[in-house]
Amino acid sequence: MLWTTLMMALREIRRNAMRSLLTTLGIVIGVGAVIAMVTIGQGATAKVTSDVAKMGKNLLTVMPGAARRGPTSGTAPPFTLNDANAILNEITTVAAVAPSAGQGVLAVYGNKNHNTGATGSTNGYFDVLGFEIEQGRKFTDAELQGGTPVCILGATVKRELFGAQDPLGAQIRVGKLSCQVVGVLGSKGQSTFGSDQDDFILLPLSTFHRRLAGNTDVNAIYVSATSDKVTTRTKQQLELLMRERRRLAPGQAANFMVMDTKELQQTLQGVTGALTALLGAIAGVSLLVGGIGIMNIMLVSVTERTREIGIRLAIGARAYEVLMQFLVEAVTLSVFGGIIGMLLGLGGSLAAVRALGLPFVFSPGIVALAFGFSAMVGIGFGYFPARKAARLKPIEALRHE
Amino acid sequence: MIVSDGAPLIELRDVHKVYGHGESEVRALDGANLRIDEGEFVSIMGPSGSGKSTALNVIGCLDSPTHGSYRFRGVEVGSLTLDQLALLRRHYLGFVFQGFNLLARTSALENVELPLVYRRVPTAERRRRAMRALAAVGLEGRETHTPAELSGGQQQRVAIARAIVTDPIVLLADEPTGNLDSARKVEIMRLLAELNVSRGITIVMVTHEDDMAAYGRRTIRFRDGRVESDTRHPSVMDAEGADGRR
């Protein structure tokens, strides 16, 4: 009987092709829109999260200058190497520090030149800011102490100056300094804000101080906390320590600032979260509109279907046999539409995230929710009017106007 | 399923059917008594609102009386559940309506097959029997046509084929010629009379035309929800020959 019911339901679906198509379309649009919107939104969130994570592990940045006026303005004194050492030695939740200083330089190799930045730092730079050595090596202790003219190239600089050539051992000019390339960094790509994180040349801090800058200023201290749970505490301790070292009186405005990457991450995630919620709301409206479409079609056909039910009852169908058929019809259309919508939604969002350079995040929860809601609407509005009709006396169903 | 020797096929005793309440109360049947035996061809007549259609619907188990007793082959129909009523219709009754009541966009063959589907008749046999029923009503070659592609008379023939495909004991017809022109009316009535004679199918037909009632052998007139008169008479078919053919 189940087979017969199924065949009968499929025949009815084919017979009422337009109604079936419109019902399916409502579900396809609803399911497809929700899945596409939410998948794209979540892709954006995942991208931001991974970008911020790439900035460095539990990264805190200490910069001179008042927070209100921006990090480099005004007369705030720079840091020294001793500040960095004090941070590493006195704050227990600090895993590594990278004191750094930088300036814009013209890099020249052979007949090629490239405007970039020179950054002086220590080997802590790799861990704190999450850079990998792709070719060559880090600095040696002797190089770091002695101000040896060696350098490690960011991926962009290597590409601009050397192309496919091997840069290791080559002598390049960095500003007025001639130095030897001992390593190349792995690429981190663009930051969330669109700047190229690979466009710089890394030198030992001592080399930078003695041979390029001519001073011992440290413009930024990058600090890596031991875990993501202690970043807030570390930030407070950094503020206390630096106030003390910079001899600020209680109540006096700070002439430096500490930036917590986690806070930045949270802010950005708040933005993308709001974006996802917005997309989700738009998609929810599509789902609702699709649902109303399904509802309309089902309700419009109630008169015809009620008479059909009357005919079936009159020729000897039992109420439950008629209901089974209607239920199978509704389930078939809903599931069919749901699957098409799911495929379109996933396919569409896959194409969209590819085009936008976002990761593809599959969330089964949303797929289930969209599918479930549409199926519920489809089945509900297909089944319940039928149930009402099947409970009528056959003569009432037959005379339904 | 329901077998009771000696009992009349259909027996209504003091059947009432009341619609609405209070001032708008309508007594469609008001103490109707009626007895029909197997093999009869009964025409039910009467003015509008006399209760003739209601009586037919009660007999067909499409409607239930407000009170009173309806026995089908001795079984009290009022005591049956909805499912049992469906099975009674499935196994013993066939319907022909004034408005045909065929499934739209559905071929003649599929319409005729439908009662057999609910009887769980296997596909091949279903097809064979449906073809035979369509042939019996003179619709060979029209099996694939949908109701919209058929004339009124042809649609009513499909409906009759659907009613007789299960070999019912009783064929209930509610103004079967009401929507047809006079030539088609004669065709349909001849068909019904022939089914009554050749297959022994009991026919209960509601009509308001004396010409149609003349094809039967008994006429029951209703007035105000009761049987006003009940006369037996020869069929016009008798004058044309016992086999009902011209």
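**Notes on the two-chain model**

1. Let's start with a pair of strands in chain B: strand E9 (residues 218-223) and E10(B) run antiparallel and are joined by six bridges. Within this pairing, Arg218(B) has Arg232(B) of E10(B) opposite it. Please keep in mind as you read on that this is a predicted model.

2. That pair belongs to an open sheet of six strands in chain B, ordered E6-E7-E8-E3-E9-E10, and the pairing in this sheet is mixed. Its edges are strand E6 (93-96) and strand E10 (226-232) of chain B, each of which pairs on one side only. On average, neighbouring strands of this sheet are turned by 20° against each other, direction ignored.

3. Strand E4 (residues 67-72) of chain B runs antiparallel to E5(B), and two bridges join them. If you want to find this spot in the viewer, look for Phe72(B), whose bridge partner in E5(B) is Val75(B).

4. Strand E1 (residues 10-19) and strand E2 (residues 26-36) of chain B pair in the antiparallel sense, over eight bridges. One of the paired residues is Val18(B), with Arg27(B) as its bridge partner in E2(B). Six residues lie between the strands of this hairpin, and Gly20(B) takes a positive phi near 75°.

5. Next, a helix pair in chain B: helix H3 (residues 108-118) and helix H5 (residues 152-164) pack with their axes 7 Å apart, at an angle of about 30°. Angles under 35 degrees count as roughly parallel, and H3(B) and H5(B) are therefore roughly parallel to each other. The crossing of H3(B) past H5(B) is right-handed. On the H3(B) side, the contact is made by Ala108(B), Asn111(B), Val112(B), Leu114(B) and Pro115(B), which meet Val158(B), Ala161(B) and Arg162(B) of H5(B). Sorted by class, this contact has six nonpolar residues, one polar and one charged.

6. Turning to chain A, the chain is divided into domain 1 (2-52 + 266-398) and domain 2 (77-254). The centres of these two domains of chain A, taken over C-alpha atoms, are separated by 56 Å.

7. Finally, how do the two chains meet? Chain A brings 18 residues to the contact and chain B brings 20 residues. On the chain A side, helix H1 (2-15), helix H10 (302-314), helix H11 (319-356) and helix H13 (394-398) each supply at least two residues. H10(A) gives the most to this side, with four residues. By class, the residues of chain A that touch chain B divide into 11 nonpolar, two polar and five charged.

Conventions: Residues are numbered from 1 along each chain as its sequence is written. Chains are lettered from A and ligands numbered from 1 in the order in which they are written. This is a predicted model: local features need pLDDT of at least 70, side-chain atom pairs count only at pLDDT 80 or more; totals for chains, interfaces and linings use all residues. Two strands pair if DSSP finds at least two bridges between them. Axes are lines fitted to C-alpha atoms, for helices over the stretch in contact, and angles run from 0 to 180 degrees between N-to-C directions. Angles under 35 degrees count as roughly parallel, over 145 as roughly antiparallel, 65 to 115 as roughly perpendicular and the rest as oblique. A crossing is left-handed if the near helix is turned anticlockwise from the far one by less than a right angle, and right-handed if clockwise. Two residues are in contact if their C-beta atoms, placed from the backbone, lie within 7 Å. Ala, Val, Leu, Ile, Met, Phe, Trp, Tyr, Cys and Pro count as nonpolar, Asp, Glu, Lys and Arg as charged, and the others, Gly among them, as polar. Domain bounds come from an automatic or database domain assignment.
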